[in-house]
Structure formats: C-alpha cells, structure tokens
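Student: I have the sequence and the model open. Can we work through them together, one question at a time?

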Amino acid sequence: MSVEERLRALGLALPAPTRAPPGAKLPFAWVHIVGDRALVSGHGPTNPDGTLASPLGKVGATVTLEQGYAAARRTALAMLASLKLALGDLERVDRWVRAFGMVNAAPGFDREPAVINGFSDLILALWGPERGQHARSAVGMAELPFGIPVEIEAEVLLRG
Amino acid sequence: MSVEERLRALGLALPAPTRAPPGAKLPFAWVHIVGDRALVSGHGPTNPDGTLASPLGKVGATVTLEQGYAAARRTALAMLASLKLALGDLERVDRWVRAFGMVNAAPGFDREPAVINGFSDLILALWGPERGQHARSAVGMAELPFGIPVEIEAEVLLRG
Amino acid sequence: MSVEERLRALGLALPAPTRAPPGAKLPFAWVHIVGDRALVSGHGPTNPDGTLASPLGKVGATVTLEQGYAAARRTALAMLASLKLALGDLERVDRWVRAFGMVNAAPGFDREPAVINGFSDLILALWGPERGQHARSAVGMAELPFGIPVEIEAEVLLRG
C-alpha cells in the first residue's frame, strides 16, 4: 500500500496547501530540498482548505490535551500536503529523520510528548515502524505564531 | 555582484565578530563545518564592534515589532560576520538550508514571523530567491541569553 | 584513551538507558541513524538507573544555576548511554555536529549558556577540542516534559 492509500484507509485526506493568514508575509519555503534532504518548515494545524484550524490558544488552558493531540495530527497532515506539493508524490519520502515538536504551553503544562504523539503516531502508521522512525523533541513554547497550539518542523530523506 | 557587493549596495556592513558579554563562557563554535555543511550556532543582534546590540528585552513589551525586525536583520549580519571569519569568503556559501528563528516573546505576542522576516528578507536580498531560499520556523521563547530579543541558528551548504 | 576510558578517568559512569516515566508513551528513537548521521532526540538528566533525576523544575527558581549545570552534564551522560546502546561503541562517534540546549527557564532567567555549558564542557573533555567541537544554541523554554530542568537534542557524525 502506498502512503496515500494508507491515509485513505485511515479515513484521512490531505488538506489544501497551507495558506498564510491575511496580512502575514512568510518569505520562506514550506519544504526546502537540498540534495537528498527535504527540510520541512514549521507547520501548524490546518483545515481542509489550508487555513489555520481552531482551536487556537495554549494547551493546558483553553486547548485540552486531546485537542492538542488532534492538532499535532492535523499538523502532520499539513506537512504531508506541503511535501506532496514540493515532491509530486509522497512515495519520494524514503525515511523520516527528525521532528521538532513545539507546544504552545500553558504555565505548568508538562505533557508535551503526549501532544506531539498526534504527529508521531500518524507518521509511524503511514510509513511503518522503520521508514517512519524519527528522532524527536517535544517541548513547551512561550508563544507560537498566530496563537497556534502546536508547531512542528522536520527533516526527511528522499529516495535516491 | 558578490554577496559583499550586494551588502554594500544596500548600505550595510558586516559587524566585527560577535564578542561574548563580560564573564560569559561560550565553549562552542559560532560556525561549525562538517563536510559540505556549515552549522551556524544561535546568534543575537550585535553592534558594529561585535558587542550585543540594544534594545534588549521582550518583543511585544519593551521592544517593538519594528525593533524586533531590525534586531533579526542585525542577527543575520552577525551570522554573516561569523561565516566570513570561518570560511574566508561569503561566496563559499552555496545555498541556505534552514533557519530557526527564536523571538524573546512577551506574553501574548504571536507575530514571530514578522520579526524573523528581518533575517529572511536580508538573506533573500543577498543570495537571491533560489540560493537564499530556506526552511524556517519562527517561534516565541520564554527567555533568551542576556535578554537578547532575537536568536537565530541556521545551516548553509558550502560550495563543492 | 578511548572516550569510555576518559569518562572513567573523570570518575563518571554511563547511566542505564533512559526510561520513560510511568504512563508516558514515547514513540520515537532516542538515537536515529541516517547514513553517517546520528540524530539524538531530546534527552533530560537521569539517575544511574535511567529514571529522570531530581531536582525537577525551573532554573532560576527552584533549581539553581549550579544544579542546572549539573543537570546538563547528566543530560550529556544520558545521551551517551543512548548513543552506546544504538552504536555499540562510543568510538563510532567521529565528531559532534550540533547541540540544541533547552533550559526550563524561570521568568527573567537569562543565563542559559552557563547551564548548557555542563553539556559542552563534558563533550569537549571526552572527545577533545576538535572532535568534540559543536554548533550550539542555549535558550529558555516555557515548559519541558515532566518538569525536567534541561533538555538537549544533538547530531553527531559517525565514522565511515
């Protein structure tokens, strides 16, 4: 099964490419290819149309842990949409390398790993335990752009 | 035009290499070369003499968004000074790979991308839209060393 | 002298591999090898048995600078234990590439570099000034998982 077939089997679909909020100027590449590496810029959770998804805010305050997990999963989907746009085909992602998971953390909220698992669980389900494996940090930020609850950046290895 | 010629055409000059604040011990390389990769350590904004530039403090509180943008631009210049010292010539930077932009964020300040644009806009102006392109995150930190308003780390690819 | 011999000469020993706190699900690799790169996930300070070490909390509040330095040193040891488990032999680490040092910072605590020096000083003592050299950032986080005072992620280059 291809990654996209697995995605459909899970009842999931890729959103449209991420759209910057009105007035925001984002002068960088969502995915930047350098040799066999693809660097994925920090993404947030999006709606099917590519706009930023609700709820915004801090996990542990207005956003629950469960909503944070769902936001990390949506962030993974937004990253996959960017990868597909840049690469043409998600099968070109040979392996995952690294993910840096950032949680917009309310004071005292120290369960960042349980939030970012929304990302890791999906990547492992789609690429399998070997190709989907990745190094990871999951940490609590003071603020994130536009009040998004989760932001994740990553690196993947492309097929030769 | 070379990168340094473009810099002069913009009316800009490289500062002296970054100097650690009195009493600070910084046992790492500002630029670390590994094969064809150059890893650029976290830099802050400096004065022409390489000392940390004012204003210090949190963007969204004592530091305005415009001052934050200027600090990110000065941070880019400090990084270029380190790259020139390590490489001898900025022309050895073939392409930009990744930038991780950290803003010392006041509570509720969520316009980190507009601050870090001070870095990205300058890199794109100097290296052009293709070689200057980079993956990026721009996020809000609780604290940064010595109270600097912006810190950016990066990776570039060197000419073969 | 090998790295492990140097470690013993310093009176230090590797802890047992890091153990997740009860109930925590951590679906990622502590060390992830991709070609000649080993990506080291975010680690915290551990006890000899691999459990998270006390004190937990924020540096600059309940955790002193000196305790933070010791926590960063213990974090380095936890990373080395993971590297040994993944590689079989620490001699396979040819060079250090990058370290990203995160301090659980109390409001106003801006001496992150002095904390993360606990990591850098040990790596430089073990691998020497050339092979141990690394690019580094040392920054203040709003929150870290389980309340750990320090978290560090890194990348090393493996022997060919």
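Predicted model: local features only at pLDDT ≥ 70, side-chain atom pairs only at ≥ 80, totals over all residues.

Student: What box do the C-alpha atoms of chain A fill?

Tutor: The box is taken along the principal axes. For the C-alpha atoms of chain A it is roughly 45 × 35 × 30 Å.

Student: In what order do the elements of chain A run from the N terminus on?

Tutor: Chain A has 3 helices and 5 strands. From the N terminus on, the order is α-β-β-α-β-α-β-β.

Student: What percentage of the residues in chain A is buried?

Tutor: A residue counts as buried with 20 or more other C-beta atoms within 10 Å of its own. Among the 160 residues of chain A, the buried share is 55%.

Student: And what share of the contacts in chain A with a separation of 6 or more comes from residues 24 or more positions apart?

Tutor: Take the contacts in chain A with a separation of 6 or more. Residues 24 or more positions apart account for 83%.

Student: At what angle do H2(A) and H3(A) cross?

Tutor: Two packed helices are described by the angle and the distance between their axes. Here helix H2 spans residues 65-87 of chain A and helix H3 spans residues 112-131 of chain A. Their axes come within 7 Å. The crossing of H2(A) and H3(A) is right-handed, and the angle is roughly 35 degrees.

Student: Which residue class has 12 members in the contact of H2(A) with H3(A)?

Tutor: H2(A) contributes residues including Leu65(A), Gly68(A), Tyr69(A) and Arg73(A). From H3(A) come, among them, Val115(A), Ile116(A), Phe119(A) and Leu122(A). By class, the contact of H2(A) with H3(A) has 4 polar residues, 1 charged residue and 12 that are nonpolar.

Student: Turn to chain C. What is the handedness of the crossing of H2(C) and H3(C)?

Tutor: The axes of H2(C) and H3(C) come within 7 Å and cross at roughly 35 degrees. Residues that meet there include Ala72(C) and Ala76(C) in H2(C), with Gly118(C) and Ile123(C) in H3(C). The crossing of H2(C) and H3(C) is right-handed.

Student: Why are chains A and B described as related by a rotation axis, and of what order?

Tutor: Chain B can be laid on chain A with an RMSD of 0.0 Å. That takes a turn of 120 degrees and a shift of 0.0 Å along the axis. The two copies are thus related as by a rotation axis that is three-fold.

Student: Which residue of chain B comes closest to the rotation axis?

Tutor: The distance is taken to the C-alpha. At 2.9 Å, the residue of chain B closest to the axis is Ala142(B).

Student: Which element gives the most to the side of chain B that touches chain A?

Tutor: In this contact 23 residues of chain B meet 22 residues of chain A. Strand E3 (93-104), helix H3 (112-131) and strand E4 (135-141) of chain B each supply at least two residues of that side. By class, the side has 11 nonpolar, 6 polar and 6 charged residues. With 7 residues, the element that gives the most is E4(B).

Student: How many residues does E4(C) give to the side of chain C that touches chain B?

Tutor: The contact takes 23 residues from chain C and 22 residues from chain B. On the side of chain C, E3, H3 and E4 each supply at least two residues. E4(C) gives the most, and its count is 7.

Student: Where is Pro55(B) found?

Tutor: A cis peptide bond joins Ser54(B) and Pro55(B), with omega about -5 degrees. Pro55(B) is found in the loop between strand E2 (37-43) and helix H2 (65-87) of chain B.

Student: Is Phe146(A) buried, exposed or partly exposed?

Tutor: Phe146(A) is not a glycine, yet has a positive phi of about 60 degrees. Phe146(A) lies in the loop between strand E4 (135-141) and strand E5 (150-158) of chain A. Because Phe146(A) has 16 C-beta neighbours inside 10 Å, it counts as partly exposed.

Technical notes: Residues numbered from 1 in each chain as written. Chains lettered and ligands numbered in written order. Helix = DSSP H or I, 4+ residues; strand = E, 2+ residues; numbered from the N terminus. Buried ≥ 20, exposed ≤ 12 C-beta atoms within 10 Å, placed from the backbone. Contact = placed C-beta atoms within 7 Å. Axes fitted to C-alpha atoms, helices over the stretch in contact; angles between N-to-C directions. Left-handed = near helix turned anticlockwise from the far one by under 90°. Nonpolar A, V, L, I, M, F, W, Y, C, P; charged D, E, K, R; others polar. Least-squares fit on C-alpha atoms with pLDDT ≥ 70 in both.
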